[in-house]
Amino acid sequence: MMCFFVLKMWSIGSVRRLARRDAVRFCSCNSSNPSKSSAHFRLQVEKQKRKKERDNAILSSQTLADEEDLLKWSEKERILYTAQTPPGAKKDTSLPFPSSYSPDYVESSWYEWWEKEGFFRPEHHDVDELSHAVDQNFSLCIPPPNVTGTLHLGHALTVAIEDALVRWRRMQGQRVLWVPGCDHAGIATQSVVERMLLREKGKHRQDLTREEFLQEVWKWKNEKGDEIYQQLRKLGASLDWSRACFTMDQGFSQAVTEAFVRLSDAGLIYRSEALINWSCALESAISDIEVDSKELFGKTMLSVPNYEHKVEFGTMLTFAYPLDGHGGEIVVSTTRPETMLGDVAVAVHPDDPRYQNFHGMQCRHPFNDRLLPIVTDAIVDMELGTGAVKVTPAHDHTDFLLSQRHALPRLTVIGGDGKMTPLCGQWLEGVKRFDARELVVNALVEKELFRGKREHAMTLPICSRSGDVIEPLLKKQWFIRCHAMAQKAIRAVEDGQLEIIPAFYKKTWKNWLSNINDWCLSRQLWWGHQIPAYRVDFPSSTDKQEVVHQSCLTGLCQTMEQWVWGKNEDEARQRASVKYGVKAQDLTLTPDSDVLDTWFSSALFPFAMLGWPQQTTDFQRFYPNSMLETGSDLIFFWVARMVMLATELTGHLPFKQVLLHSLVRDKHGRKMSKSLGNVIDPLDVIHGVSLERLQQKVKEGNLEPREQAVALEAQRKDFPKGIPQCGTDALRFALCAHKMMGEDISLSIAQVLSCRHFCNKMWQTLRFTLGALGDNTRPVGNLDQVSDLGSMERWICSRLYSTVAQVEWAFEEYELHTVTAALYSFWVHDLCDIYLESVKPVLLKQNEGSGGKARPAASVVLYHCVSASLALLSPIMPFLTEELWQRLQPFRSPAAAQTASLCLQPYPRSSQLKHWHFPEEERDFLLVQEVIRVARFLRAQGGLTKEKPPMWVVCSPSQAQILLHFGSAVWTLSRVSRFNVYCPQEAAVSCAPPPKGCLVGVVDHTCRLHLPLQSAVNMTKQVARLTQRRSKLVPKLDELLCKIQSPEYLHKVPAHIREQMERKLSAFQQELKTIEDQLQVLQMTECPTGSHSNDGDQCPTQRS
């Protein structure tokens, strides 16, 4: 049975014989159903088409950003924290408060203090000052980044989400453990060090012994390997660094060895010969995740490592095999003619009428005179190509299956170094595989067996580490049986023991694990966990010595190797002695030189990081982990393997929940990838970076010329002035503001910059709050001590309660975008735009006598709203909230929770604020907000932006009561000189009716606003201004409509350009409608004079 995932990357091996565009014929587990592979191919074609459209759009003038779409920013003043604060000491917040927000100032010193004080360690949970501590544990591990890596926005998203959840749980009083870790990244690290050795010392790895090379790797790791940890600190990740875990540490390495031995003892790990993914450039097997599939749609010239000139791919060659003794021939097709030296048969479908007479015949190989049987097999699709398939078992997955069915030999004609082997003959031995391709074709032409070449669509497997074309090679390797473990993992989800969020990944989980293949664990590297297995050689006994059968000469070599495993060589020797009945001292053990796949050690992380296999205190307390949070692209390669191995080795699932977030894409919708040159370093967003530096990073990469051109042009258009300094808090808030579960995240720097503006809004709010509290640092009382709250105080307290309740729910549901939206709305709209603006006249009065009781009440409410909001925002914006919260501490009541840092404060709970919930106040204030909106609209339409006209509200008695209840807010926020309520139905609560000649706006069917114009001059000027704007807008709108309605629009304009044009069309149409509405309102004021009607209407009205 063949699994889709493995074979899709090897489709080149099977498509080389197919004569149509269906390039993945044998990728399905059901080889008789080509419809699935056809659908897959169509999907790949469409994907490639969209990519080409995006690239062309970036390179063309079509994406020259409109003025309003450009990232607009100006360099802000960088304010530095200059106080002499020793590393780890608390920051001095008694210094004068800077006039504006600066990330450099805010983010200085806090993290070092948090770390030194041990705030991120679970042991801090039990200190006396945490009065709100509860006896609950929360634990998780960070997906360990590669030790060679640098952060990208995908890492930043992971950190932002996990740290928000971790800080939230810690502030809830739970005992939290978030373990940092780093993966040794076998292939990547070895490649980095090899390049360094060649550059600095002119030496290759092979010039050193294994021990010497490993010393160089450890030296590099100790010098450079800590950079990723410093980047995590910069992002504010509240990790317990005292428990930092590196997969090559001694303790972790012991866990890896223990896992291998236990799984081998259980019969789950075995050694076998099979086809594997092989990188000739690295001379190693590589994991599935390190193979990229490159779709080719015809002849394509590609650069391949160790080749001076580009190599041709995407062509199908056809040649003939002469039939032995019959004078005829059988014609086959291939995309890899160099492999024909390893052909051992030709296969046809048993029902194919063209080849009925060929059954049982043989053809003769033209270069080595070997006879190739013609076999029949139903796996062959007779509608594809010539219907005759060349069989190369040692270099193709499907052909390997045919060799098993028909007992065919397996001839390896390409070695691990990518050169042709001695089996090919002297004329090809030692020739590089793609150079041999040309020699083979020329030889076929010379023998008059070549039948033609044409372009052919195919999928080419590429090594993501080296850029090399993957070669399927037959190797003896260690494998782990996955089927039984996978079934347990499926049942865990179906039974509800393991929750996957979002739930739609459950189907993906089941489908993949139901078709899983055994996992190849061997890697031919020096850096990594050396496989704890030993080949056993006996002193003189030939019956137990490795046996090489005569069949090796025909390619059916069967070697009988004897292997044992153990935690060390002594244990392995004792095992071998018992197993084979030979004295231990008489045995010779040769350790396996290979290392284990890096993903094997990564799969042990949730329990190995806690000290397994020892029953440590951490393991007993924090295992299983509470949850795992990671990118959805790792669900198979990491998550599934953790679940399988943890269940097998510990008897428990490694975690109770799996939270999967979406991928981060650029503003053009492209996946961020080094191969596209569009990766954004989060540190560049935090600190800012010039366009020149961004372009230099792209040029330092190893991109194809076209990809480099696209990447450079995209940067020039997206960041014409570079990327502004946004700060860590703004970046984290922007990332959490996206819905992380579902569609991929398209993050633009403009969104992050907008969040920096929010940071400045918070900063200025604190400046105002401190000014309102005054120089006297007398503690602010509790809300409960305020006896008489005004209407606006009751409303803002109720909004605070509702916000806390919404945030509580959203955190529990992992809806961080709802958390950010609720907190942004409360701070900007409720607290600043409404409450602060409404109480400014009271708070700005210098003496308490003129403010009466209102000023102290407003000060107390403002203090508590700001303080609670900072606590609510702390998990997402840790630096800024700490800075601002510390500034409020001199005013803190002695009765409040006494904690040194905001990150240890109790997280606000709705149950504590329930007595401040006034739903009727919130409901009634909706009318007030609508009145204020319409009043401001009317003032703008009448050109009364500077004047404060009187306002009349004509409404029902119930509405009048609400408006009078919030009268001061209506008067202040509407920016009117006088606020009059006219209620025709109830004169008792009514003033005189509005005068003639007013601007009239409709709030609802019973409520209208009347604003008298100050003079006819205002109206005339406003009409003229709007008319002029309309005359400029209409031609632009007509031109855009003409483009959109053209016949070629849908076919020639890329999708994302169409989306931009349609957004602009909608904006133009909305602006034109607004102008027309404004003109109509102004023209309505010219109605005839007359007495006021009973319903309060004086002239026709217009709803804003």
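**Exercise 1. Which residue of β33 is the bridge partner of V954?**

Solution. The model is predicted: local features need pLDDT of at least 70, side-chain atom pairs count only at pLDDT 80 or more, and totals for chains, interfaces and linings use all residues. Residues are numbered from 1 along each chain as its sequence is written, and side-chain values use heavy atoms, with hydrogens and water left out.

Step 1. Take the two strands, where a strand is a DSSP run of E with at least two residues and a helix a run of H or I with at least four, numbered from the N terminus. Strand β32 covers residues 950-954 and runs parallel to β33, with five bridges joining them; strands pair if DSSP finds at least two bridges between them.

Step 2. The bridge partner of V954 in β33 is Y982.

Step 3. Strand β33 spans residues 978-982, and four of its five residues are buried (under 20% relative accessible area; exposed is over 50%, partly exposed in between; 1.4 Å probe, protein chains only).

**Exercise 2. Describe the surroundings of E53.**

Solution. Step 1. E53 belongs to helix α3, residues 34-59.

Step 2. With a relative accessible area of 27%, E53 is partly exposed.

Step 3. Neighbours within four places in sequence aside, E53 is in contact with P1054 and A1055 (contact: heavy atoms within 4.5 Å).

Step 4. I1057 is 1004 residues from E53 in sequence, yet their C-alpha atoms are 9.8 Å apart in space.

**Exercise 3. State how helices α24 and α29 pack.**

Solution. Step 1. Two packed helices are described by the angle between their axes and the distance between the axes.

Step 2. Helix α24 (residues 749-773) and helix α29 (residues 878-888) pack at about 0°, their axes 11 Å apart. Axes are lines fitted to C-alpha atoms, for helices over the stretch in contact, and angles run from 0 to 180 degrees between N-to-C directions.

Step 3. The two helices are therefore roughly parallel (under 35 degrees; over 145 is roughly antiparallel, 65 to 115 roughly perpendicular, the rest oblique).

Step 4. Residues making the contact include W763 and L766 of α24 and L884 and R887 of α29.

**Exercise 4. Give the strand order of the open sheet that contains β12.**

Solution. Step 1. The sheet has four strands in the order β13-β14-β12-β15, with mixed pairing.

Step 2. β13 (362-364) and β15 (388-391) stand at the edges, each with a single partner strand, so one side of each lacks a neighbour in the sheet.

Step 3. Strands β12 (residues 345-348) and β14 (residues 371-376) pair in the parallel sense over three bridges; A347 has V375 of β14 as its bridge partner.
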